[in-house]
Amino acid sequence: MSLFNLLRIALRALQRNKLRAFLTMLGIIIGVASVIAMVAIGQGSKQSIQSQLSGMGSNMIIIRPNSNISAGARLDATNVQTLTLDDVKALQKQAPDLSAVSPMANAKGQAIYGNNNWPTTIQGVQPNYLTIIRQWPVQDGVAFTDRDVQTQSKVCLLGQTVITNLFPTGGSPIGKYIRFGNVPLLVIGTLAPKGESAFGQDQDDVIIAPFTTVQRRILASAHSTIFVQNIYASAIDETKTTAASDEISNILRTTHRLKPSDEDDFAVRTMQELINTFSSTSQLLTVLLAVIAGISLLVGGIGIMNIMYVSVTERTREIGLRMSIGARGVDILLQFLTEAILISLTGGVLGVILGVSSAWLVTFFLKWPTLVTEPSIVLSFLVCAITGVFFGYYPAQKASRLDPIEALRYE
């Protein structure tokens, strides 16, 4: 029998029992739709996390003090001071794979303007932190300069969240003085909005000021050796991030005079490491969701097998008649196998439509990021074809092995 005749006979068989054929497809439809929707949610989350981390500066490298052991107890890294301005200078001079290095000093407190106040964080950095490391543009006004850092100028830049809460009536904050604790600061610029980070933190809830202003005037550090809480750096490009990280480790081990057997008293973290970590976690979640959704395909396949067995039983006399006029066993096998595959693929098409629509609805109503990929659709069709062959083969084989005489006698 030709392929055209097989399809024509299969379509006629399905048209005779339209409702039963649709109910049989329902398991496949739900299974395919679930797989596509779940994979779309997983891939969308993965892409969203990657874009958010990249938005923080894809070349960014963070150096923090590492926890160490004192009197048998491991100290909290936040209470350890191991990084200094000398480390910053050494990295600037000796690390060719770094395009920028900036120390950072953090302080939490109340920002005050008039009768309004807001609890926030002030970050003391150098100008290249905004222009190169974070690539964070100034929306209005101007950024502070290296001279402001040298002279400990009382100037600052405000994030959008701070502006909203300190200036609720609107108007430009540029040229106005705010207070952070007891220190007055002149607002010389506002930062472009960044939104939430991949960790759920509001990146716009911040005040940026010169490093020396925060270190000396707000934290009131009077030590001859100025310790820094963190050092932020940027590799010259993404391909040099690993090499730059190794350079940093080697330089800091030298400046800290660590022996080969000593543990690092600092920790170097790159954004690429975070991206890889989040991506692997998201990928694992996607696979888990796809496996759970794939169970529906298994249930749908069992439904196909069940209905094909029923169909073989109902059409036993038809099978005997075909065999009596010359149909071979392989013709009967292909006939019922074609019906099973047709049911599975039709359900797959409807499932793809439902899955893509579901992903769109999730994005539209729940505001979750989704990403429908071509491989997930191709894989769904492939699984549908395999399902039709696997679960339709055994009923078709049973039909092909019927004895023609016994089949004609079947009531």
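Colleague: Which helix gives the most to the nonpolar patch?
Modeller: Helix α2 does, with 5 residues. A patch joins residues with over 30% relative accessible area and no salt bridge, nonpolar side chains (Val, Leu, Ile, Met, Phe, Trp, Tyr) within 5 Å and like charges within 9 Å. A salt bridge is a side-chain nitrogen of Lys or Arg within 4 Å of a carboxyl oxygen of Asp or Glu. Helices (H or I, at least four residues) and strands (E, at least two) are DSSP runs, numbered from the N terminus.

Colleague: What should I know about the model before going on?
Modeller: It is a predicted model, in which local features need pLDDT of at least 70 and side-chain atom pairs count only at pLDDT 80 or more, while totals for chains, interfaces and linings use all residues. Residues are numbered from 1 along each chain as its sequence is written, and side-chain values use heavy atoms, with hydrogens and water left out.

Colleague: Back to the patch, then. Which residues form it?
Modeller: It consists of L19, F22, L23, L26, I30, L345, V349, L350, I353 and F381. Together they have about 840 Å² of accessible area (Shrake-Rupley method, 1.4 Å probe, with only the protein chains shown as cover for residues).

Colleague: Which rings in α12 form an aromatic pair?
Modeller: F390 and Y394 do, edge-to-face, at 6.2 Å centre to centre and 90 degrees between the planes. Rings of Phe, Tyr and Trp (its six-membered ring) pair if their centres lie within 6.5 Å; planes under 30 degrees apart are stacked, over 60 edge-to-face, and the rest tilted. Both residues lie in α12 (residues 374-400), 4 residues apart, about one turn of the helix. F390 is partly exposed at 46% relative accessibility, and Y394 is partly exposed at 40%. Ring pairs also link F390, F391, Y393 and Y394 into a cluster.

Colleague: How many aromatic pairs are there by this rule?
Modeller: The count is 7. In one of them, the ring centres of Y129 and Y232 are 5.5 Å apart and the planes stand at 90 degrees, so this pair is edge-to-face. It links distant parts of the chain, 103 residues apart: Y129 is in helix α4 (residues 128-133) and Y232 in strand β11 (residues 230-235).

Colleague: Are Y129 and Y232 buried or exposed?
Modeller: Both are buried.

Colleague: New topic: what is the phi of K367?
Modeller: K367 has a positive phi of about 65 degrees, although it is not a glycine. K367 sits in the loop between α11 and α12 and is exposed, with a relative accessible area of 64%.

Colleague: And R257, where is that found?
Modeller: R257 is in the loop between α8 (241-255) and β12 (266-270). Its phi is near 55 degrees, again a positive value in a residue other than glycine, and R257 is exposed at 76% relative accessible area.

Colleague: Last one: why is α7 described as largely enclosed?
Modeller: Of the 8 residues of helix α7 (residues 211-218), 6 are buried, so the rest of the structure largely encloses this helix. The buried residues are F211, T212, T213, V214, Q215 and I218. After α7 comes A220, with a positive phi near 55 degrees.

Definitions and conventions. Buried < 20%, exposed > 50% of the residue type's maximum accessible area, 1.4 Å probe, protein only.
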